[in-house]
Amino acid sequence: MDKLTLKSERETALYEDLGFAKVDHSRYSRQGFNEVVFGAGKTTEQVVQILKSLSSSDKNIMATRVGLDTYKEVLKEIPEAKYYELARIISIEKEEIKDQDKFILVLAAGTSDINVAEEAAVTAEIMGNKVERAYDVGVAGIHRLFDQYEKMQEANVVITVAGMEGALTSVVAGLVSKPVISVPTSVGYGASFEGLTALLAMMNSCAKGVAVVNIDNGFGAGHLASIINKMNI
C-alpha cells in the first residue's frame with residue numbers, strides 16, 4: 001500500500017474525528033480487538049459518543065473505569081450494552097465465547113483485590129477467552145492457595161492480583177510452568193505506598209516467567225493474558 005493510498009484511507013475510514021476524540025476504527029485489524037475506552041477522566045457524554053461510534057463494529061467493544069451513572073446514559077443510546085459493576089466495565093458484546101480447552105486463571109490474594117481481579121477477568125472474557133477465578137487465596141492462609149493447585153496446573157495463563165506485600169506472585173510462579181501476569185493493587189496500610197511495595201516485590205520476584213503490569217491495571221493484565229492465550233505455538 002503506497003503512502004497516498006494510506007493517507008486517503010486514514011482521512012476517510014481509519015478514524016473518526018469527534019472533536020474531543022479521534023476514534024480508531026482500524027484498531028481491530030492491527031491488534032485483534034477494537035479500541036478500548038478508558039472512562040476515567042472523560043465526561044459521561046464523551047464516553048457515550050465514543051461508544052456510539054465504536055458500536056458500528058460487528059466485534060465486541062468495551063469501556064473501562066466507568067460508573068453506574070455513565071452506564072445508565074449509555075444504555076439510553078445503546079440498549080444492548082452490559083455493565084459489570086465490580087469490574088467497572090461497560091461492554092457491547094456481539095461475539096460469544098466459544099467452547100475452549102485453554103483457559104486463563106485469575107487469582108486474587110484478598111477480597112479487597114477483587115475489583116481489580118474482576119477487571120482483568122472480564123476484560124479477558126470480552127476478548128473471547130474462557131476464564132476461571134479463585135479469590136481470597138493469599139499467602140496469609142496459604143492452604144487456600146494450595147487447594148487451587150490442580151487448577152493452576154491446568155490453566156494456560158495465570159493472573160495474580162495482590163496488594164500488601166505482593167507475595168502471591170512469587171509463590172504461584174514457583175509452582176507453575178506457564179506465564180504468570182502480576183497485578184499489584186493499591187490495597188494495604190501506609191508502608192504499602194498505595195501499591196508501590198507490591199509492584200517492587202513482584203518486579204523483584206526470584207521466580208521465573210513473571211510479567212508485571214502497573215498498579216491496579218487489571219485491564220492490562222487481562223489483555224496481555226488474552227494475547228498469550230490465543231497464540232498458536
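Asp24, Arg27, Arg30 and Glu35 are linked in a network of salt bridges, a salt bridge being a side-chain nitrogen of Lys or Arg within 4 Å of a carboxyl oxygen of Asp or Glu. The model is predicted: local features need pLDDT of at least 70, side-chain atom pairs count only at pLDDT 80 or more, and totals for chains, interfaces and linings use all residues. Residues are numbered from 1 along each chain as its sequence is written, and side-chain values use heavy atoms, with hydrogens and water left out.

Over the whole structure, a search finds 13 salt bridges. One of them joins Glu95 to Lys59, with the closest N and O atoms 3.4 Å apart. This pair links distant parts of the chain, 36 residues apart: Glu95 is in the loop between S6 and strand S7 (104-108), and Lys59 is in the loop between helix H3 (44-54) and strand S4 (61-64). Helices (H or I, at least four residues) and strands (E, at least two) are DSSP runs, numbered from the N terminus. Glu95 is partly exposed at 35% relative accessible area, and Lys59 is partly exposed at 21%. On this scale buried means under 20% relative accessible area, exposed means over 50%, and partly exposed lies in between, with a 1.4 Å probe and protein chains only.

Another salt bridge is formed by Glu132 and Lys151, whose closest N and O atoms are 3.5 Å apart. The pair again links distant parts of the chain, with Glu132 in strand S8 (residues 131-135) and Lys151 in helix H7 (residues 149-154), 19 residues apart. Asp136 and Arg144 also meet through their side chains in a salt bridge, at 3.2 Å from N to O. Asp136 is partly exposed, with a relative accessible area of 32%, and Arg144 is partly exposed at 27%.

Aromatic contacts come next. A pair of aromatic rings is described by the distance of the centres and the angle of the planes. The structure holds one aromatic pair. Tyr71 and Tyr83 form this pair, which is stacked, with 5.2 Å centre to centre and 15° between the planes. Tyr71 belongs to helix H4 (residues 68-77) and Tyr83 to strand S5 (residues 82-84), 12 residues apart, and the pair links distant parts of the chain. Rings of Phe, Tyr and Trp (its six-membered ring) pair if their centres lie within 6.5 Å; planes under 30 degrees apart count as stacked, over 60 as edge-to-face and the rest as tilted. Tyr71 is buried at 14% relative accessible area, as is Tyr83 at 18%.

Helix H9 (residues 196-203) has Ala198, Leu199 and Met202 buried. Seen down the axis of H9, the buried residues fall within an arc of 100°, so they line one face of the helix; the arc is that of the directions from the helix axis to the C-beta atoms. These buried residues pack against strand S9 (157-162), helix H8 (168-173), strand S10 (180-184) and strand S11 (210-212), where contact means heavy atoms within 4.5 Å.

Two residues stand out by backbone angle. Most residues other than glycine have a negative phi, and most peptide bonds are trans. Arg88 is not a glycine, yet has a positive phi of about 60°. Arg88 sits in the loop between S5 and strand S6 (89-92) and is partly exposed at 36% relative accessibility. Asp216, likewise not a glycine, has a positive phi of about 65°. Asp216 lies in the loop between S11 and helix H10 (218-229) and is buried, with a relative accessible area of 19%.
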